[in-house]
Amino acid sequence: RGSVFQDQYPAFSANLSGDVDISSTGWRDLTGWNEEYDLSSDFNAATTGIFEAPVKGIYHFHLQISLYDLDEEISTIILRFNNTGGTDYGARFDMDEVYYTGAAGSADTESHPFTLTRTLKLEEGDRVNPQLYIDDETGKIDGGSRTTSGKAHTDTFFEGHLITALN
């Protein structure tokens, strides 16, 4: 039988240290985290929001992002785990199904949670970080003068842990 060593099982949990403006275009890295814990110091909470796998293995990640002050023109939100060593994994949310509490033409004041959970096989040194993409009904996300905006609330959290190491 094999042995289990505590230092082979990294785990972290962090929440955003402050509200984050998400009015920029394209993919947005979520940075500026406060660590609740980081058992093996593999998560760079303060600057990059990147987790680096210390060993080859099966890892589980969970992201819950709380968005508010959303303009009603936002039509799509995409969350993904950006994986430098393999395939990215994401989820697309149709904002036409979200109830806006603001008046027509104004920002939404309610917080809306969106969740992404995935188990990934990583090689030692692979990096994973959460990213957000917002599109609007005008189609100007990637080259125009986009006017939609919103914020990610401090209730947003990102966590992960090694399920099992692989040889």
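Me: Which residues do ring pairs link into a cluster here?
Reply: In this predicted model, the cluster linked by ring pairs consists of Phe12, Trp33, Phe43, Phe51, Tyr59, Phe61, Phe81 and Phe158.

Me: And how many aromatic pairs does the count come to?
Reply: The count comes to 14 aromatic pairs. One of them joins Phe12 and Phe43, whose rings are stacked, with 4.4 Å from centre to centre and 10° between the planes.

Me: Where in the chain do Phe12 and Phe43 sit?
Reply: Phe12 belongs to strand 1 (residues 11-16) and Phe43 to strand 5 (residues 43-44), so this pair links distant parts of the chain, 31 residues apart.

Me: Are those two buried or exposed?
Reply: Phe12 is buried, with a relative accessible area of 0%, and Phe43 also counts as buried, at 4% relative accessibility.

Me: Switching to charges, how many salt bridges does a search of the whole structure find?
Reply: The search finds 2 salt bridges. One of them is formed by Glu52 and Arg127, with the closest N and O atoms 3.3 Å apart. Glu52 lies in strand 6 (residues 50-52) and Arg127 in strand 13 (residues 127-136), so the pair ties together parts that are 75 residues apart in sequence.

Me: How accessible are Glu52 and Arg127?
Reply: Glu52 is partly exposed, with a relative accessible area of 32%, and Arg127 likewise counts as partly exposed, at 38% relative accessibility.

Me: Which residue does Arg80 form a salt bridge with?
Reply: Arg80 forms a salt bridge with Asp88, the closest N and O atoms being 3.4 Å apart. Arg80 counts as buried at 17% relative accessibility, because buried means under 20%, whereas Asp88 counts as partly exposed at 30%.

Me: Which ring does the charged end of Arg80 sit over?
Reply: The charged end of Arg80 sits over the ring of Trp27, at 3.8 Å from the centre of that ring.

Me: Back to Asp88, where does that residue lie?
Reply: Asp88 lies in the loop between strand 9 (74-83) and strand 10 (89-94). A hairpin through 5 residues joins these two strands, which run antiparallel and are joined by 6 bridges. Within that pairing, Leu79 has Ala91 in strand 10 as its bridge partner.

Me: What does Asp88 touch, leaving out residues up to four places away in sequence?
Reply: With those residues not counted, Asp88 touches Arg80, Phe81, Asn82 and Asn83.

Note on methods:
Residues numbered from 1 in each chain as written. Predicted model: local features only at pLDDT ≥ 70, side-chain atom pairs only at ≥ 80, totals over all residues. Heavy atoms only, no water. Helix = DSSP H or I, 4+ residues; strand = E, 2+ residues; numbered from the N terminus. Contact = heavy atoms within 4.5 Å. Pairing = 2+ DSSP bridges. Salt bridge = Lys/Arg side-chain N within 4 Å of Asp/Glu carboxyl O. Buried < 20%, exposed > 50% of the residue type's maximum accessible area, 1.4 Å probe, protein only. Phe/Tyr/Trp six-rings, centres within 6.5 Å; stacked < 30°, edge-to-face > 60°. Lys NZ or Arg CZ within 6 Å of the ring centre and 35° of its normal.
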